[in-house]
Amino acid sequence: MEVAGLILSNIHNSAIPELTGIRTMASIPFGCRYRLVDFPLSNMVNSGITKIGIVTHNNYQSLMDHIGTGKDWDLARRSGGIKILPPFITTYDDSNGGRLYTTRLEALMGVTGFISRCKEDYIVISDCDGICNINLQDVIDRHVETQAELTIVTRSVKGNLDIASRSKVIVSGDDGRVVDVYSYLGNEQVSEISTNIMVINRTFLLNIISDAGSHGYSNFYQDIVARNLQRARIFSYRYDGIFIQITSLESYFRNSMSLLNTDVRKGLFNQAQRPIFTKLRNSAPTRYVDGSKVVNSYVADGCVIEGTVENSILFRGVTVGKGTVVKNCILMQDTVTGNNVSLNCVISDKNVVIREGRTLSGHESMPFFIPKGSMV
């Protein structure tokens, strides 16, 4: 069975404008050395998918720099491999001479050429703001077994999981066939939410794209899924593993901090059969200077630590000055702190410099954010 992949890199950029103002959702740094796109990419590669298209919108230079030729995911191939599918101008809205896509369905319409040229029978579609380590081969096998035309991966809603207002509630029968789909409004009891990971028959996808274009549809779930519940075979697949959804800056902070929990970290990264791949960077090991102290933290390579780091996540190349105390913080690549700095609940983007003697503090519900390249 042949399967191709499609990753939507910009869907839901508006959820976290602090980090997507200069990059796509797909290239947001996460977990010391990864980008969000690494998770759907690795899930596909680990399931034997070697032809993957990444649909872009804007601000995708950092995504291209990260992906490169795709060699770090074993996707630098003559046949198949990885393809960046750049922004397009739609032809069905000419009021302003065309426009960039704004919805999932419009994004799929814009890559009809890629889908048409695929010879594979099935397409796996995934967003980038849902972080998990899933065996997609199991989903594909279930899709084939049920003779489904569309299989939507769902997650059970338990505890304090982030549920965005954009999330879709999926209601399935005892046989797993979807019988209803509707938007989550925030005040009702729900059991299953779509992860926006799905397997779809390529011919079915082409048909619904053609139908959507002729009818002016734009919403995938309401205009396509809901309208076809009776006519098409649409099933759900329940995923019970670790699933993290980025819905805001506060959500990004809280979910990043959850990596300090061993169970969460193992659920995402310590899968011998399904590793998460990322762009390699040759860095020296982190140097811990005499007198430094690190407690319950996740530290990448290439750092220099002279002060105290507690309950924090440090990306590659971070420097923590002498006498500096970093608590409950996320310091991204090449952040430099001077001496005698105090940081609490701070998120610093890449290449930030915090001069000596500074005291910065946010709160778990409202972390203090420092934009890329800033000097404080």
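Helices, of at least four residues, and strands, of at least two, are DSSP runs numbered from the N terminus. On that basis the protein comes to 10 helices and 28 strands. The model is a predicted one. Its radius of gyration is 22 Å, close to the 21 Å that the globule rule gives for 376 residues, so the protein is as compact as a globular protein of that length.

**Overall build**

- Along the principal axes, the C-alpha atoms fill a box of roughly 65 × 45 × 45 Å.
- Of the 376 residues, 55% are buried.
- Take the contacts with a separation of 6 or more: residues 24 or more positions apart account for 58% of them.

**The sheet from β15 to β27**

- This open sheet has 5 strands, and its pairing is parallel.
- The strand order is β15-β18-β21-β24-β27.
- β15 (293-295) and β27 (359-361) stand at the edges. Each has a single partner strand, so one side of each is left without a neighbour in the sheet.
- From one strand to the next, the twist averages 5 degrees.
- β24 covers residues 342-344 and pairs with β27 in the parallel sense over 3 bridges.
- Within that pair, Ser342 stands opposite Thr359 of β27.

**The sheet from β16 to β28**

- A further open sheet of 5 strands runs in the order β16-β19-β22-β25-β28. Its pairing is parallel.
- The edge strands are β16 (298-299) and β28 (368-370). Each has a single partner strand, so one side of each lacks a neighbour in the sheet.
- β19 (residues 313-314) and β22 (residues 330-331) pair in the parallel sense over 2 bridges.
- Ile313 has Ile330 in β22 as its bridge partner.

**Arg23, a buried arginine**

- Arg23 is found in the loop between α1 (17-20) and β2 (29-30).
- Its relative accessibility is 2%. Buried means under 20%, so Arg23 counts as buried.
- What does the side chain of Arg23 make a polar contact with? The partner is the side chain of Asp349, at 2.9 Å.
- A polar atom of the Arg23 side chain also lies 3.1 Å from the backbone oxygen of Leu19.
- Beyond its neighbours within four places in sequence, Arg23 is in contact with Asn13, Ile28, Pro29 and Asn59, among others. The list also includes Ser62, Asp349, Lys350 and Lys372.

**Cysteines**

- The disulfide count comes to 0.
- Cys303 is in no disulfide. Its nearest cysteine sulfur is that of Cys32, 7.6 Å away.
- Cys303 counts as buried, at 1% relative accessibility.
- A disulfide needs the two sulfur atoms within 2.5 Å.
- Cys329 counts as buried too, at 0% relative accessibility.

- Most residues other than glycine have a negative phi.
- His12 is not a glycine, yet has a positive phi of about 75 degrees. The place of His12 is in the loop between β1 (3-8) and α1.
- Is His12 buried or exposed? His12 is buried, with a relative accessible area of 17%.
- Asn196 is not a glycine either, and has a positive phi of about 65 degrees. Asn196 sits in strand β11 (residues 192-201).
- Asn196 is buried, with a relative accessible area of 8%.

**Helix α9**

- α9 spans residues 249-257 and is mostly covered.
- How many of its 9 residues are buried? The number is 7.
- The buried residues in α9 are Leu249, Ser251, Tyr252, Phe253, Asn255, Ser256 and Met257.

Conventions
Residues numbered from 1 in each chain as written. Predicted model: local features only at pLDDT ≥ 70, side-chain atom pairs only at ≥ 80, totals over all residues. Heavy atoms only, no water. Pairing = 2+ DSSP bridges. Axes fitted to C-alpha atoms, helices over the stretch in contact; angles between N-to-C directions. Buried < 20%, exposed > 50% of the residue type's maximum accessible area, 1.4 Å probe, protein only. Polar contact = N/O pair within 3.5 Å; in protein donor to acceptor, adjacent residues only side chain to side chain. Contact = heavy atoms within 4.5 Å. Rg over C-alpha atoms; globule rule 2.2 N^0.38 Å.
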